[in-house]
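Colleague: I am new to this structure and would like to learn how to read its helices. Could you take me through them slowly?

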Amino acid sequence: MMSTSVGFRTAAIALLSFAALPVFGQTGNSGGTGGTGSGGRTPSTSTGNTSGVPRSNPNPPQDRQVYFVEGRVTLADGSPPPEPVPIERVCNGNAKREAYTDSKGRFQFQLGQNTGVLQDATESDFDTFGSRSSMTPGASQGVSRRELLGCELRAVLPGFQSGSVMIRPEGNFGQLEVGTIVLKPMGNSEGAVISLTSMQAPKDAKHEYEKGQKAAQDKKLPDAEKHLQKAVSLYPQYAAAWSMLGAVHSEMNQNEAAYKDYEQAVTADAKFVNPYYGLSVLSMKENKWKEVVQYTDQAIKLNPYAFPVTFLYNAAANYNIGNLDAAEKSARKFIVMDSEHRRPEVALLLGEILAKKHDYAGAAAQKRSYLAMAPNAPNSEAVKEDVKRLEALSQNSQN
């Protein structure tokens, strides 16, 4: 029989291979799960045209064409986000990242053309219509109006509820003005994923930060490190730049430097949630369970909506140090928040917690739930055997 506690721990660590990526994109930075923005992609890199003159389409096949999409994102008070925010296209429940906002909250991109925007580790390499993409960079494939029926755009910022705008392929010359997407904070939390220090950063520091952000998103980590170090040298209180620098160093496996960067971010802005999330990711990778509890507790206290996966990390860490009640509470909270079942391993963890508490029937139920969510998981046969064992223990306890 599989040792499910070890199996869960291994699975959790394996799923952290890109766990720091949301620290890039979710503040302009889930990152969650949590990425660097494009540094505010300019219209020239998104559409190849900034003149405002209608552009002719590059001869798409039959009824397919490339659409030039433009819009903007604002916070609830009407101001633009101080950092780049990812824009996702959602079709039939499938999301695909398309672009990032610029410094004024605007976004532009070509719909139906592979623009080379890097997808987060949590995103599938299947396109939004269910088939594996075979486009080459710059190849104009186009999309049909039928494929866009019911599709919408949304912004992605942890701790914020995004409005959405429908994609209506009715514009002249394939140009679509989609309007404004509004981001509203979720709940009334003490902490934030947008640091106040970002709003006070001088222009030259912001410029270096955006360049570092784009380099990180493009996986040019040494370049990102250089620009971000320049940003914090120009403005030592730049919490977002420190936090992203920590994420870059973590990706470069320079964990000691990453810890120091995140601590600098916390010093600059103690109510900025992102560095606490980054510290919890680092501690998870190194199995430093007490530190994971410390950092996730702080992140949850500041803003429980910003990085829901911190509840999962908190549950795993508390389980590993024997705090079963706290582990169960966090695991159940995460299950409620993970409405799309993106992390089915939480059911395995909760099953282990309940088994340790001698609730064998509850443990078996959680592991059956895991099998329902992940029927083709590599460990499914071992989990099935464990369910049988737990059911037997439950039956024996009732006799």
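**Reading the helices**

Modeller: In helix α12, the residues Leu324, Ala327, Glu328, Ser330, Ala331 and Phe334 are buried, where buried means under 20% relative accessible area, exposed over 50% and partly exposed in between, with a 1.4 Å probe and protein chains only. Helices are DSSP runs of H or I with at least four residues, strands are E runs of at least two, and both are numbered from the N terminus. This is a predicted model, in which local features need pLDDT of at least 70, side-chain atom pairs count only at pLDDT 80 or more, and totals for chains, interfaces and linings use all residues. Residues are numbered from 1 along each chain as its sequence is written, and side-chain values use heavy atoms, with hydrogens and water left out.

Colleague: Against which elements do the buried residues of α12 pack?

Modeller: They pack against α11 and α13 (345-356), with contact meaning heavy atoms within 4.5 Å.

Colleague: How is a pair of packed helices described?

Modeller: Two packed helices are described by the angle between their axes and the distance between the axes. Axes are lines fitted to C-alpha atoms, for helices over the stretch in contact, and angles run from 0 to 180 degrees between N-to-C directions. Here the axes of α11 (residues 309-320) and α12 (residues 324-337) come within 8 Å and cross at roughly 155°. That crossing makes α11 roughly antiparallel to α12, since angles over 145 degrees count as roughly antiparallel, under 35 as roughly parallel, 65 to 115 as roughly perpendicular and the rest as oblique.

Colleague: Which residues of α11 and α12 make the contact?

Modeller: Among them are Phe311, Leu312 and Tyr319 of α11, together with Ala327, Phe334 and Met337 of α12.

Colleague: At what angle do α9 and α11 cross?

Modeller: The axes of α9 (residues 274-285) and α11 cross at roughly 40° and come within 11 Å, which makes α9 oblique to α11. In this pair, Tyr277, Ser280, Val281 and Met284 of α9 meet Val309, Thr310 and Tyr313 of α11.

Colleague: What span should the 14 residues of α14 have?

Modeller: The expected span of a helix is 1.5 Å times one less than its number of residues. For α14 (residues 360-373) this should be 20 Å, and the end C-alpha atoms are 20 Å apart, which agrees. The buried residues of α14 include Tyr360, Gln366, Lys367 and Leu371.
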